[in-house]
Amino acid sequence: MPVDSQYAIETQDLTKIYRARWSGREVRAIDSVSLRVPRGTTFGLLGPNGAGKTTFVKTLLSAVRQTNGSALIFGRNASDPEARRPIGYLPENHRFPTYFTGSGMLDFYASLSGVSAAQRKKLIPEQLELVGLSQWGAMRIGKYSKGMLQRLGLAQALIHSPSMLILDEPTDGVDPVGRREIRELLGRFESQGVTIFVNSHLLAEVETLCREVAILHKGKVALTGKMQDLTAGKGYKLTVAKPSDVLTEELRAKATSMAARDGLVDFQFSSRELVNNAVDLLRAQQCEIESLAPTTSTLEEVFVRTVENK
Amino acid sequence: MLTLALIRDTFREALARKIFWVLFALSTLMILFFLFLLKIDIVAGATATVSLFGQQTRGNPDVDRMVRGVYGGIASFLYTFGMFLAVFASSGLVPSVLEPGRIELLLSKPLSRTHLLLGRFLGNVLVVSLNSIYLVLGVWTILGVKTGIWSPAFLIAIATTTFIFAVLLSVVVLIGVTLESAAAATMITVALMIISPILAQTNLMMRLLSSEWSRNVWRVLYYSLPKVYELGKITLDAIQSGTFAGYTPIWTSALFGLATLGAALWIFQRRDF
């Protein structure tokens, strides 16, 4: 049972150093990572390859022993097996034993999560239905497609009604329709107060799904914050029809970027004041404005900026 | 419930491996052999004829001696070929659990690593001991019904084969968690089985070895390694002549098994996956 804590995950200076057995060379997979994931939120962990995302998740689940620091799950030390009871986990590149049927696999993992036999009998068909596999429960999972395995993996993560889901690339191998279904499903669980921790390379998906993100880079937290703060209020896009060369140069000097297309020129301005000055200039020159709109940064832009600046 | 789930999973995986079915099929063949091909006619408490493959034996055979001989043969089969097959079949059951993508999910469940590994160990011992029970009880019942001789000494073979398999399995588990190699686990465990009858010649070697140092090395090896051969011999003696050679092979093998399993658990606790 979760103990009283306002955070689902709380790490303090969490560090993992891998040491090569013979050469003694050290690799800091995660380095003093302090992160707080509030209860009930959907949190995305991002980072380039080798940033330490998987090591961080494995440390939370005690599959990897930290070198320094602490990790708490709902206020309980992550190394305590009981801390993992409220967690539903879907690993990346999972390898479910192929001797199971879909139902058998759910039965096994549910029993390890402490679900009683009577509950399992009731829950297994429900979970298969939930992930769209009700017709396939009796089939050996060796015959499942990658997308079906991903859905089944999600069902095993959900079967014991966890308070937190830790999902490593949850839509990997799933077709676009399936992805949308999974997103909707996760949205439903979020509305029920389940904390969702997503580790994904798919930035657009994280942007759609998550309310908070952290970007790991070279084992350290490079950026953390609420999605709306990170991606909102970044400037204005002014589209002008056929400006003169002189005017174009004048506007280019004030803009952060410029792009020409089909007789139109897009200028990006970083503040309201700058774009108003540009509009005044255009009106004075009787140049036509095609459109003016506030713009936001995509998560991808935030991600690239963060990683490149570090 | 957790332990039961782990045992059931080990059974499922074992049944999915053909080698366990080979073990089961061999046991079944032996049972069928005694059921259909060995025919014993008892007249007024004495053996009238014994026929094998339709050929009758001449004279008046000593059925009690014959039954004990069969028991001894079965026990020898279990200790040699059966044990080798069981080790070979079990060698992959630990490394398979440690496969990336599988172990992380198991470790994410609310169970300790000790519980996880011991559950696998126990499941594996049960799979093999059930096969021993099936073979020994099957042959014992068939021969008992056919000859009227119900020697409980033969049933000791179930306990001793299960015990020595558990000791050898601790080596398989240690190699499994250390090297994650089924082949290495099989090779090292079979090497221990092969070396066992050689180490058992301690009295002879104490006379043959010239230096005290080499005699001490031999003694250390003898007392520290599992005594597969001697346990088999103890079982055979108990079945065939009702004698008991002593407890030393039992407790030294048990200590070896406990120490090896303890080392496997210690390493497993500290590993990153």
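This is a predicted model: local features need pLDDT of at least 70, side-chain atom pairs count only at pLDDT 80 or more; totals for chains, interfaces and linings use all residues.
Chain B has 273 residues, and 53% of them are buried. Its secondary structure comprises twelve helices and three strands. Along the principal axes, the C-alpha atoms of chain B fill a box of roughly 70 × 50 × 25 Å. The accessible surface of chain B is about 12,300 Å². Carbon and sulfur atoms account for 71% of that surface.

The interface was examined next. The size of an interface is often given as the accessible area lost when the parts come together. For chain B and chain A, the buried area is about 2,700 Å². Carbon and sulfur atoms carry 57% of this area. Three residues, B:Leu105, B:Lys109 and B:Pro110, supply 23% of the area that chain B buries against chain A. In terms of contacts, 28 residues of chain B meet 33 residues of chain A.

Polar interactions also cross the interface. The rule finds 17 residue pairs in polar contact between the two chains, with both residues at pLDDT 80 or more. Four salt bridges are counted between chain B and chain A. The side chains of B:Asp272 and A:Lys16 form a salt bridge, with an N to O distance of 2.6 Å.

Three helices of chain B, H1 (2–16), H5 (103–107) and H6 (113–147), each supply at least two residues of the side that touches chain A. H1(B) gives the largest share, eight residues. By residue class, this side of chain B has twelve nonpolar, four polar and twelve charged residues.

On the chain A side, helix H2 (residues 102–112) was considered in detail. Ten of its eleven residues are buried, so H2(A) is largely enclosed by the rest of the structure. The buried residues include A:Met105, A:Leu106, A:Phe108, A:Tyr109 and A:Leu112. A:Asp107 and A:Ser111 are buried in H2(A) as well. So which helices cover the buried residues of H2(A)? Both chains contribute to the cover. From chain A, it includes H3 (117–130) and H4 (146–158). From chain B, it includes H1 and H5. After H2(A) comes A:Gly114, whose phi is positive, near 90 degrees.

Definitions and conventions
Residues are numbered from 1 along each chain as its sequence is written. Chains are lettered from A and ligands numbered from 1 in the order in which they are written. Side-chain values use heavy atoms; hydrogens and water are left out. Contact means heavy atoms within 4.5 Å. Buried area is the accessible area (1.4 Å probe) that two parts lose on being put together, summed over both. A polar contact is a pair of N or O atoms within 3.5 Å; within protein, one must be able to donate a hydrogen and the other to accept it, and residues adjacent in sequence count only if both atoms are side-chain atoms. Helices (H or I, at least four residues) and strands (E, at least two) are DSSP runs, numbered from the N terminus. Ala, Val, Leu, Ile, Met, Phe, Trp, Tyr, Cys and Pro count as nonpolar, Asp, Glu, Lys and Arg as charged, and the others, Gly among them, as polar. Buried means under 20% relative accessible area, exposed over 50%, partly exposed in between (1.4 Å probe, protein chains only). Accessible areas come from the Shrake-Rupley method with a 1.4 Å probe; for residues, only the protein chains shown count as cover.
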